[in-house]
Amino acid sequence: MLELLVSQAECPHIFTDTETILSCKLLERHKFAVLEIQEHYDTYICKRDATVECLDKIKESLKRQSLGEEAGGNGEQQQIELCRHLYKLHFQLLLLFQSYSKLVKLLSTAANAPQVTDYSRDATDLKARLHQAIYDVDNGSVLPLGQVDTVSLSRQVAEDSLLENLKNGQLTTCVQLIRAFRSMWPNLVFGSADEDDMEYLLALFCKHVADNKTGVLVMTRADTDLSGVCHRLMEVNIQLLSSLKLLELPPKSPQSSPSSPSPTTNL
């Protein structure tokens with residue numbers, strides 16, 4: 001299931017301004033969707049902790065067995081209980097992803113409103129080109145950035161420089177600059193070295209769009225539809241439930257074979 005989410009469930013970069021939310025009457029539904037996601041996430045954390053606790057008990061039993069001590073529990077039943085926890089955890093993950101998909105679908109409806117300008121195609125194209133730019137920088141395919149003036153450069157000038165290069169399509173320069181600025185001002189406006197370069201630059205693009213126009217929507221498109229991923233996750237959960245029910249079946253008692261009649265001797 002996790003492999004399916006990582007390989008196919010690409011979460012879009014979403015941005016919208018207050019004008020879009022209010023004019024499309026999305027505020028209340030958006031608030032409810034976010035609360036639903038939070039509820040499912042909190043439950044997921046509880047089920048994850050319960051699963052880890054069950055796994056720790058099994059580890060403790062195995063450790064006692066290796067030391068020649070009494071295991072302190074039915075090992076087979078403990079393993080079945082762990083399978084139950086894993087199923088519940090995966091099912092909760094499905095509910096969480098379904099709620100997120102509903103929120104994405106809700107926000108995407110704003111693209112059809114006449115008062116909203118949709119920049120999703122521009123952002124999707126920018127994301128693809130940023131992906132290539134990051135790859136080129138990481139693999140040394142571009143010339144290194146020259147010395148950055150660390151004395152007279154202010155954070156506002158640095159951000160303006162980033163935006164100018166972004167608008168001019170100098171994306172490899174943007175990637176190099178953002179990394180240089182993060183070393184100059186760590187954990188501030190440009191984020192930390194651990195943060196994703198693409199996410200920051202996409203956010204900068206959205207900020208630039210919103211500064212120049214009200215009523216905007218940005219939602220990067222993915223090759224895989226989230227509803228299709230939800231359907232496949234449901235199929236995986238059904239398979240897990242079927243396997244769990246088979247494990248929970250009581251073991252069949254061995255049937256004694258009927259005794260063969262003793263041969264008779266005719267006298």
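Tutor: Welcome! Residues are numbered from 1 along each chain as its sequence is written. In this predicted model, local features need pLDDT of at least 70 and side-chain atom pairs pLDDT 80 or more, while totals for chains, interfaces and linings use all residues, and side-chain values use heavy atoms, without hydrogens and water.

Student: Why are α4 and α9 called roughly antiparallel?

Tutor: Their packing angle is about 165 degrees, with the axes 10 Å apart. Axes are lines fitted to C-alpha atoms over the stretch in contact, and angles run from 0 to 180 degrees between N-to-C directions. Angles over 145 degrees count as roughly antiparallel, under 35 as roughly parallel, 65 to 115 as roughly perpendicular and the rest as oblique. Therefore α4 and α9 are roughly antiparallel.

Student: Which residues make that contact?

Tutor: Among them are I80, F91 and V104 of α4, and L226, L233 and L244 of α9; contact means heavy atoms within 4.5 Å. By class, the contact of α4 with α9 has 17 nonpolar, 4 polar and 2 charged residues. Ala, Val, Leu, Ile, Met, Phe, Trp, Tyr, Cys and Pro count as nonpolar, Asp, Glu, Lys and Arg as charged, and the others, Gly among them, as polar.

Student: What makes α3 roughly antiparallel to α4?

Tutor: The axes of α3 (residues 27-66) and α4 cross at roughly 160 degrees and come within 9 Å. That angle makes α3 roughly antiparallel to α4. Their contact divides into 19 nonpolar, 10 polar and 8 charged residues.

Student: And why are α6 and α8 described as roughly perpendicular?

Tutor: α6 (residues 155-167) and α8 (residues 197-212) pack at about 90 degrees, with their axes 10 Å apart, and are therefore roughly perpendicular to each other. The contact includes L162 and L166 of α6 with L201 and F205 of α8.

How values were computed
Helix = DSSP H or I, 4+ residues; strand = E, 2+ residues; numbered from the N terminus.
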